[in-house]
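Here is a short report for a reader meeting this structure for the first time. Look over the sequence and the model before reading on.

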Amino acid sequence: MLALVAAHLLVALVLPFVAARSTRATCTVAALPPAAALAWVLTRAGDVLGGQEIVETLAWAPHLGLEITFRLDPLALLMTLLVSGMGVLVLLYSVGYFGSSADGKRSAPLLLAFAGVMLGLVLADDLLVVYIFWELTTICSFLLVGQAGISRESRRSAMQALLVTIFGGLAMLLGFIVLGEAAETYLISELVANPPGGDAIGVAAVLILIGAFTKSAQLPFHNWLPAAMVAPTPISAYLHAASMVKAGVFLVAALTPVFLGVAHWSVLTAVFGTVTMIVAGWRALHEYDLKKLLAYGTVSQLGFLMVLAGAGTRIAAMAAVAMLLAHGLFKAALFLIVGIIDHQAGTRDLRELSGLGKRMPWLAVIATLAAASMAGLPPALGFLGKEAAFEGFLHGGSGDLVIVAGLVLGSVFTVGYTARLLWGAFAGKRGVAATEARSSGAVLFLPAALPAIAGVVLGAAYPLVDVLSAGYADVFDAGADPYHLALWHGPSLPLLCSLLALAGGLTVHAARGRITSLRERLPNPLNAQRGYERIMALLERIAVGVTGRLQAGSLPTYLGVILLTVLTVSGSALLTRHTPIEDLRAWDRILQVPLAVVILIAVVGVVRARRRLTAVLLVGVIGYGIGGMFIVDGAPDLALTQFLVETLTLVAFVFVLRRLPPRFIQSEPAPGLRIPKMLIAIAGGVFMAFASMIFSSARQTRSGVSEQYIARAEEGAGATNVVNAIIVDFRAFDTIGEISVLAVTATGVASLVLTSRYQRRRRRGSLPMTEQPASDEAEPPRAGHGRGPPRGGPGAGPRRGGSRGSGAQGSGSQQEEVRE
Amino acid sequence: MTDLGSRPPGASAMKWTNWDVPTERWLLSGYTRDRRERTVLLELAARTLFPTVIVFSLYLLFAGHSHTGGGFSGGLVAGQAFVLRYLAGGRMDDSSTVSMRPPVLIGIGLTIATLTSFVPLLFGEVVLESDIYTFTVPLLGKIKLVSSLFLDIGVYLLILGVVLDLLRTLGSGIEADVAAAERGQR
């Protein structure tokens, strides 16, 4: 299993090189790993359904107890069949759909990677591994929906899909951790074997459901799914039929045995699922774009699946498995059919399509087969699922009856939009010219036809599906007379429900004109898309506000904030805790006194300095003075480093000073700020003085760590210089980290300095032409630090009015480049 | 070292008499400062001090394990040799010998340090484990080589690269800016 997942990802990595030669070859090669996975899982199917589970474990970080565990159980078997089977079909379909366009070059490797991570997701037994694959599918879908990122719409849709599902994913991760810590295991199989109890589990259930609901597009998070319809059809088909959205339902199905004791698990899935099924079905009844219609159909079906998967009874679980399979088959077929229509006719708007049934009779036939499964007509697989679903809820209490009512209403809408789809795509319409379209080739037709036919064949071969679904559903209590999936249970209530749904659906379709006008008259107070946009706009406003307040662009403000934070956090600790200063001495060695005098004089000089260069040189004097202190105290390594760094700092300062006015600005823009600044500075200084005295008095003897360092430097690190032994051996890991930070910082500073230079050069080079974009780019940061008034004072940052004192300093825009 | 950059005419053929004539325009070459900004004294100091300081930095690098020094201070000292050279001779552009881009140097340093830390894994030890080798070389006597020296060499190169980057951006970068601004104002 590990090898299969790895093969998907590795081939996906290599594929871009194939793509440079031929798109068709890319799609074909991409279909190989899913085909291998499909073949493998089919050979194992007998064993797994016979009750044998296949487990593989790879030690990942054994010290932390992290292992990658893959497990093939009946539910994973079903999902693997869907993921890999649909993967093969969709990729083969892509050969014909993309032709040699650039979209195919991008999409095929991504689709393959998607199939790989989805395979990992359904096979993973460890919750944390599930989470990793879960987020990987999110990232893959972001890239797939976003495509090349050229159109604004695709970027927005991709972003919406990413944000909504990642939000849910994070909540879910939290839920996983709560669950895993409470049960002391992260393995799903162990959780199922010993379901944990307690209050924490209830919280975990809600958090995990948020993740599943966002991923499976349940109300009110459903909108990313219809928006994601901007992606090319093969991608939509794969997202909807086999992967991504199925992940949520799969997770709920996998965890329902764990949460059997949590009452609100089944209540939440039932409520949200039913509402989603009805609302999305209602929306689908009014869509004109065939793809959008199918998308809302998917949302509706996902609601249905969620109800079944979360119910926690054996019959519902069997229905869930049958419906998962049925939905995967018919939705893939229908998407691919709509893709063919779009590809051949150039439109998928059902108001423009007419008479396609006559032009493409075979396409109409397979579409009808798939639609029969969607509407739940015998002998299709969908019928088996729906019958079982009604059966599962008909014998419960009043709550279950409400669910049945909801499901019937949802099914009415399902039949309604199924009829609308068939009618819209293939019927001849009065007043619409017959659509010109050529029949498609076998490359497009076969991948669409296969799942459609499979849906009907599997329905007829219902004992097979019965074994598969019972394999999963047997975790639940079977009762005295276990239910079996069958096409004919005799005249029963579920059959009546199905007939009711069919009749209602056909009525709804017949009355489509009136229903649409009714919908337009209904108030529409809640709109999930508008809600999402409002939340995003609010987030952006908050971000702008916070950035504007915090990034005022004034160095004194930053410094003040830092000092005040230090004073309040550490200073309060210093005040509240009585920490005596012990063993205070005037000096240890007499040489310290003249050094201290020099430092103090320099300090006074810095504060009184009016010229920048003077101030910088005096700061250098302070630094050298402290280096001298180190020598006196017998720390030559420290002293050497201090001298060298001080010199380098001085040089850097002098370099920068060439671009700054020679004097600090005399006139304060806000004279009232002078006193507070002084107070903060003095308080900071006093705090530092006391803190350093307390800290140094707290360490009168060597710490145990230091003793060990000194003792082991010679034999352990081969060094007689213990400082060096610490740097390159004992704490070498820190050294690596520090030099990495240094490398990044140096590169960052260089980029900042050079960027402003290139930008200015470009602006100057062609002023009239590029003025607009250049100023556009520069706008956000400028707006950011334009909020705070540019304050003067020592070391103020960019100062727009500062160039008047210096003739050769250049214009205001150049002033901004150099920050201290 | 004082006869840099003046290659004798007709010296293209390598003879035994001139094998030691510098063939590279080395220290102060390529771009020179404006005459008004030039100080011969500083150039002289740079020419004489530069090699000495570099050797000193190498000493610090190797001595670090038993005396004061180490890769960090060694790299800083070497960097300061280049600072001196920059102050005396102006920016280092592609015409001078040391035209290696500072980011490359930083990258090489980081790579050496990181690779060094992983080498012990090949011998079944822990990351960053160091080993001591002692061997005897004629004339020099007993030499102790600690494998963590390579980590120090990485640090040395990285620090040197950082200083050179500083010279490139804040030094010659700003210098070029000033020149450009003056040209633009004229």
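The sections below take up confidence, a helix pair, a hairpin and some database annotations.

## Confidence in chain A

This is a predicted model. Chain A has an average pLDDT of 81. In that chain, 91% of the residues score at least 70. Helix α27 of chain A, residues 612-632, has the highest mean pLDDT among the chain's elements, at 93. Helix α34 of chain A, residues 812-815, has the lowest, at 37.

One stretch calls for caution. Across residues 766-820 of chain A, the pLDDT is below 50. The model still gives this stretch 82 contacts beyond near neighbours in sequence.

## A helix pair in chain A

Helix α30 of chain A spans residues 704-717, and helix α31 of chain A spans residues 722-730. The two pack at an angle of about 65 degrees. Their axes lie 9 Å apart. The crossing of α30(A) with α31(A) is left-handed.

Which residues meet here? From α30(A) come Y709(A), I710(A), R712(A), A713(A), G716(A) and A717(A). From α31(A) come V722(A), A725(A), I726(A), D729(A) and F730(A). By class, the contact holds eight nonpolar residues, one polar residue and two charged residues.

## A hairpin in chain B

Strand β1 of chain B covers residues 132-137, and strand β2 of chain B covers residues 141-146. The strands run antiparallel. Six bridges join them. Two partners can be named. Y133(B) is the bridge partner of L145(B) in β2(B). T136(B) is the bridge partner of K142(B) in β2(B).

How many residues sit between the strands of this hairpin? There are three. L139(B), in the hairpin, takes a positive phi near 75 degrees.

## Annotated regions

For chain B, an unreviewed UniProt entry lists "transmembrane region" at residues 40-62, 100-123 and 143-164. In the model, residues 40-62 of chain B are 100% helix and 0% strand. The end C-alpha atoms of that stretch are 33 Å apart. Residues 143-164 of chain B are 73% helix and 18% strand. Here the end C-alpha atoms are 32 Å apart.

For chain A, an unreviewed UniProt entry places the feature "domain: NADH-Ubiquinone oxidoreductase (complex I) chain 5 N-terminal" at residues 63-98. Over residues 63-98 of chain A, the model is 69% helix and 19% strand. The end C-alpha atoms of this stretch are 47 Å apart.

Notes
Residues numbered from 1 in each chain as written. Chains lettered and ligands numbered in written order. Predicted model: local features only at pLDDT ≥ 70, side-chain atom pairs only at ≥ 80, totals over all residues. Heavy atoms only, no water. Axes fitted to C-alpha atoms, helices over the stretch in contact; angles between N-to-C directions. Helix = DSSP H or I, 4+ residues; strand = E, 2+ residues; numbered from the N terminus. Left-handed = near helix turned anticlockwise from the far one by under 90°. Contact = heavy atoms within 4.5 Å. Nonpolar A, V, L, I, M, F, W, Y, C, P; charged D, E, K, R; others polar. Pairing = 2+ DSSP bridges. pLDDT = per-residue confidence, 0-100. UniProt positions renumbered as here; feature names shortened; annotations may be inferred.
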